Amino acid sequence: MKITVMTLFPEMIEQSINHSIMGRAIQNEIVQIEAVNIRDYTLNKHKKVDDYPFGGGAGMLMMPEPIYLCYEAICKKSGGSPRVIYMTPQGKPWKQSMATEFAKEQEIVLLCGHYEGIDQRVIDEIVTDEISIGDYVLTGGELASLVVIDSIIRLIPGVIGKQESFEDESFSDGLLEYPQYTKPRIYHDMEVPEVLLSGHHKNIENFRRQKSLENTYNKRPELLENIEFTKADKKWLREIKEKNNHL
Ligand code: 6GU
């Protein structure tokens, strides 16, 4: 997979991607990430990328031409016309399910805005998707693009050791994860739940499912609206609600 980031601050991307699992995926050539400086595509000698908005108002806007020329150069190099994802608080809220979809793409381009935004015409011209990472305002799209890149890359086969390590994790089945424990068996007078030491796989599976349901019910109840429950799930949820009523 090839990910190209269009940005005025390529160092923000370059200096963040060469660590941990993302760094290893790049080293192993499973993914290629390139940060392209939009400023390199200015035609004026002052390398100006922004100007005042027509109609007045606060702040500066990124001008369309450098962004278009940058995109054109990326397309030329790629030999195709990859999806262009504009990072903006106006975008579609980023979800695990979307990361799964994007992880299937051969090539994507992320466009990071700065200042008060980007001239609408070049957005209309080249952008295929708009994404937001949450309801808050960032100074630019770079940090958001790193969040999106990280969540996509870890889903590409071969990036994380065994596939199981994300079959059980939060959101993959729409539920939050169950609590986990390692050595020592007793820590500060707190014991690891007995069932996990039993070696009884069915009981352990049930315990974890129950804890996932309980965690989701207590921390993110709205997530339960999209889940298909088993009979046993429903019984357990009734017990959790019952328990809460008595508190
Ligand atoms: Cl994706 N970009 C920017 N610039 N700000 C944001 C965002 C994205 N998501 C939330 N705030």
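## Helix 7 and helix 8

How are helix 7 and helix 8 oriented to each other? In this predicted model, helix 7 covers residues 201-219 and helix 8 covers residues 231-245, and the two pack at an angle of about 50°. Angles under 35 degrees count as roughly parallel and those of 65 to 115 as roughly perpendicular; helix 7 and helix 8 are therefore oblique to each other. Their axes are 10 Å apart, and the crossing of helix 7 and helix 8 is right-handed.

On the helix 7 side, the contact is made by Arg 209, Gln 210, Leu 213, Glu 214, Tyr 217 and Asn 218. Helix 8 contributes Asp 233, Trp 236, Leu 237, Ile 240, Lys 241, Lys 243 and Asn 244. Sorted by class, the contact of helix 7 with helix 8 has five nonpolar, five charged and three polar residues.

## Thr 216

Thr 216 is placed in helix 7. Its relative accessible area is 0%, and the cut-off for buried is under 20%, so Thr 216 is buried.

Which residues does Thr 216 touch, leaving aside its neighbours within four places in sequence? Thr 216 is in contact with Leu 175, Leu 176, Pro 221, Leu 223 and Leu 224.

## Helix 1 and helix 6

A further helix pair is formed by helix 1 (residues 10-17) and helix 6 (residues 142-153). These helices pack at an angle of about 35°, and their axes are 10 Å apart. The crossing of helix 1 and helix 6 is right-handed.

Helix 1 takes part in the contact through Met 12, Ile 13, Ser 16 and Ile 17, and helix 6 through Glu 142, Leu 143, Ser 145 and Leu 146. By class, the contact of helix 1 with helix 6 has five nonpolar residues, two polar residues and one charged residue.

## Backbone geometry

Most residues other than glycine have a negative phi, and most peptide bonds are trans. The exceptions described here lie in loops.

Where is there a cis peptide bond? Such a bond joins Lys 183 and Pro 184, with omega at about 5°. Pro 184 lies in the loop between helix 6 and strand 8, the strand of residues 186-187.

Lys 47 is not a glycine, yet its phi is positive, at about 55°. This residue belongs to the loop between strand 2 (32-37) and strand 3 (50-51). With a relative accessible area of 42%, Lys 47 is partly exposed. Asp 189, also not a glycine, has a positive phi of about 70°. Asp 189 lies in the loop between strand 8 and strand 9 (190-191). Is Asp 189 buried or exposed? At 75% relative accessibility, Asp 189 counts as exposed.

## The chain as a whole

The chain has nine strands and eight helices. Its C-alpha trace spans about 70 × 45 × 35 Å along the principal axes. The radius of gyration is 23 Å, whereas a compact globule of 247 residues would have one near 18 Å.

How much of the chain counts as buried? The share is 40% of the 247 residues. Among contacts between residues at least 6 apart in sequence, 72% join residues at least 24 apart.

Technical notes: Residues numbered from 1 in each chain as written. Predicted model: local features only at pLDDT ≥ 70, side-chain atom pairs only at ≥ 80, totals over all residues. Heavy atoms only, no water. Axes fitted to C-alpha atoms, helices over the stretch in contact; angles between N-to-C directions. Helix = DSSP H or I, 4+ residues; strand = E, 2+ residues; numbered from the N terminus. Parallel < 35°, antiparallel > 145°, perpendicular 65-115°, else oblique. Left-handed = near helix turned anticlockwise from the far one by under 90°. Contact = heavy atoms within 4.5 Å. Nonpolar A, V, L, I, M, F, W, Y, C, P; charged D, E, K, R; others polar. Rg over C-alpha atoms; globule rule 2.2 N^0.38 Å. Buried < 20%, exposed > 50% of the residue type's maximum accessible area, 1.4 Å probe, protein only.
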